[in-house]
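Please look through the sequence and the model below before reading on.

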Amino acid sequence: MTDRGTMSLVAFMQAGNVTVYSGSWRHPATEHGFLDARYYQKLGRTLEEGCLDMMFFDDRLAMPGIHGGSVADAVRHGARPVKLDLSVVLGLIAGVTDRIGLGATYSTTYYSPFHVARTFATLDHLTGGRAAWNVVTSVNDAEAQNFGVDTILGHNERYDRADEFLEATCGLWDTWDDDALVLDRTSGEFADPAKVRELDHHGKWFDVRGPLTVPRSPQGRPVLLQAGSSGRGRDFAARWAELIFTGDPGIDVARSHYRDQKERIGELGRNPSSVRILPMAYTVVGETRAHADEREQQFLNEFVDPAASLTLLSELMNHDFSGLPLDTEITDEFVESVSGIRGLVENLRRHIGGTVTLADLAGHRATLLQGPRFVGTGVEVADQMEEWFTSGACDGFVIAATHTPGAYEDLTRMVVPELQRRELFRRQYEGTTLRDHLGLNRPEVGETP
Ligand SMILES: Cc1cc2nc3c(=O)[nH]c(=O)nc-3n(C[C@H](O)[C@H](O)[C@H](O)COP(=O)(O)O)c2cc1C
């Protein structure tokens with residue numbers, strides 16, 4: 001074991017027709033079970049057998065409709081037209097698993113604090129303390145238009161709103177003391193009214209009376225996940241996040257991002273080592289090196305349609321790329337003009353170096369190469385993961401799938417045992433809650449992150 005303990009492994013899940021790899025639905029080994037509860041339950045069991053910390057589901061609240069001003073390409077090419085409601089999906093997985101953490105993405109721009117606080121407190125109770133919330137501010141107008149708003153708020157304003165959203169949500173989770181429930185049949189006292197409070201939050205964005213209609217949950221509050229990559233996003237993560245996801249293309253960019261993010265956490269008086277930073281990564285594993293290489297070539301070349309990747313890129317950048325030639329150069333002015341995920345472009349430009357074109361961006365979106373790709377046998381993939389982990393680039397990984405459930409079966413069958421042999425990963429769960437798995441304290445009432 002290293003002096004930093006073992007790594008955290010999270011599965012980067014999607015409740016829909018594709019993983020973050022836009023060609024995944026065309027992969028011959030992909031099961032098209034995305035409308036079947038048993039598919040998600042099987043994935044949950046597989047990942048729990050591999051002792052992963054958590055399965056975390058991303059979310060988007062709109063079908064991609066910015067590219068060409070229409071959803072036609074998204075529908076035709078399967079560019080993420082299907083996204084199921086996550087609270088239902090997690091509830092079904094919870095029923096067939098006991099230990100693995102269950103994370104879902106909810107937007108601070110389109111939901112309300114009461115709704116989010118109640119959903120995750122409920123999930124935390126019903127899973128025995130395994131819930132996590134991935135806090136996102138959402139990135140594009142298509143989502144805004146599904147919630148009665150024409151255009152998305154400005155980038156920094158979204159984070160200002162998110163700060164207040166978190167104040168209200170954490171406040172709601174603290175409206176019940178841990179020992180508020182009395183449940184005394186004889187006296188007739190159900191709960192102690194001195195231990196259940198109204199919140200009375202009044203701010204710029206929200207008015208919330210409270211209290212929450214769910215007692216304080218096993219983890220005190222669900223684990224807070226975040227993935228801000230811009231300066232403002234990193235500051236937000238430094239203030240609130242207990243686990244941070246990143247998308248960094250190479251080990252050098254990842255190291256400097258890691259250092260910068262930990263410094264920001266320390267500057268706010270929090271303990272940087274208590275917050276784990278996990279880059280997204282693909283693992284492409286084979287029984288032999290040749291087998292893995294063949295799978296990688298398929299992944300890079302066979303299943304991706306350029307129209308699908310531009311459709312998804314338009315969503316991320318909140319910008320219609322349909323009229324632009326693929327050799328359009330990505331300049332500083334260009335980056336300033338998009339309101340979506342700017343940090344991603346900034347990182348990619350630094351990684352690729354020199355002139356970066358729309359074709360480069362589209363290619364990276366298709367295969368999500370803003371995160372590393374670890375290719376090889378189980379031993380070789382473990383070597384690469386170990387290098388990142390031991391050289392100050394990360395505290396573990398959030399693993400994206402090239403196809404499902406196969407990519408996760410390969411991971412748990414070929415890579416996890418090798419990491420365990422090196423004492424880089426747990427052999428069994430030691431605690432019962434997600435906070436136990438991540439080494440996080442259970443917060444007291446009134447204790448902010
Ligand atoms: C691993 C990972 C998962 C993410 N999941 C989502 C998601 O489910 N929904 C979403 O709207 N954004 C998601 N994002 C985007 C981030 O929330 C964030 O908007 C992005 O990293 C840009 O940072 P910025 O807002 O600071 O510019 C994810 C990012 C990463 C790296």
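How are α3 and α4 oriented to each other, roughly parallel or roughly perpendicular? The model is a predicted one, in which local features need pLDDT of at least 70 and side-chain atom pairs count only at pLDDT 80 or more, while totals for chains, interfaces and linings use all residues. Residues are numbered from 1 along each chain as its sequence is written.

The axes of helix α3 (residues 86-94) and helix α4 (residues 113-126) come within 10 Å and cross at roughly 10°, where axes are lines fitted to C-alpha atoms, for helices over the stretch in contact, and angles run from 0 to 180 degrees between N-to-C directions. Helices (H or I, at least four residues) and strands (E, at least two) are DSSP runs, numbered from the N terminus. Angles under 35 degrees count as roughly parallel, and α3 and α4 are therefore roughly parallel to each other. In their contact (C-beta atoms, placed from the backbone, within 7 Å), S87, L90, G91 and A94 of α3 meet T119, L123 and L126 of α4. These residues divide into four nonpolar, three polar and no charged, with Ala, Val, Leu, Ile, Met, Phe, Trp, Tyr, Cys and Pro taken as nonpolar, Asp, Glu, Lys and Arg as charged, and the others, Gly among them, as polar.

Leaving aside neighbours within four places in sequence, the contacts of L225 include F56, W133, L243 and F245.

F245 is also among the residues that come nearest to the ligand, together with D58, A227, S230 and G233, out of 23 around it (C-beta atom, placed from the backbone, within 6 Å). By class, this shell has eight nonpolar, eleven polar and four charged residues, and β4 (131-136), β10 (243-246) and α12 (342-352) each supply at least two of its residues.

Two loop residues complete the tour. D305, between α9 (289-301) and α10 (306-317), counts as partly exposed because it has 17 C-beta neighbours inside 10 Å, whereas Q428, between α15 (406-421) and α16 (434-438), has 7 and so counts as exposed; a residue is buried with 20 or more other C-beta atoms, placed from the backbone, within 10 Å of its own, exposed with 12 or fewer, and partly exposed in between.

How values were computed. Angles under 35 degrees count as roughly parallel, over 145 as roughly antiparallel, 65 to 115 as roughly perpendicular and the rest as oblique. Two residues are in contact if their C-beta atoms, placed from the backbone, lie within 7 Å.
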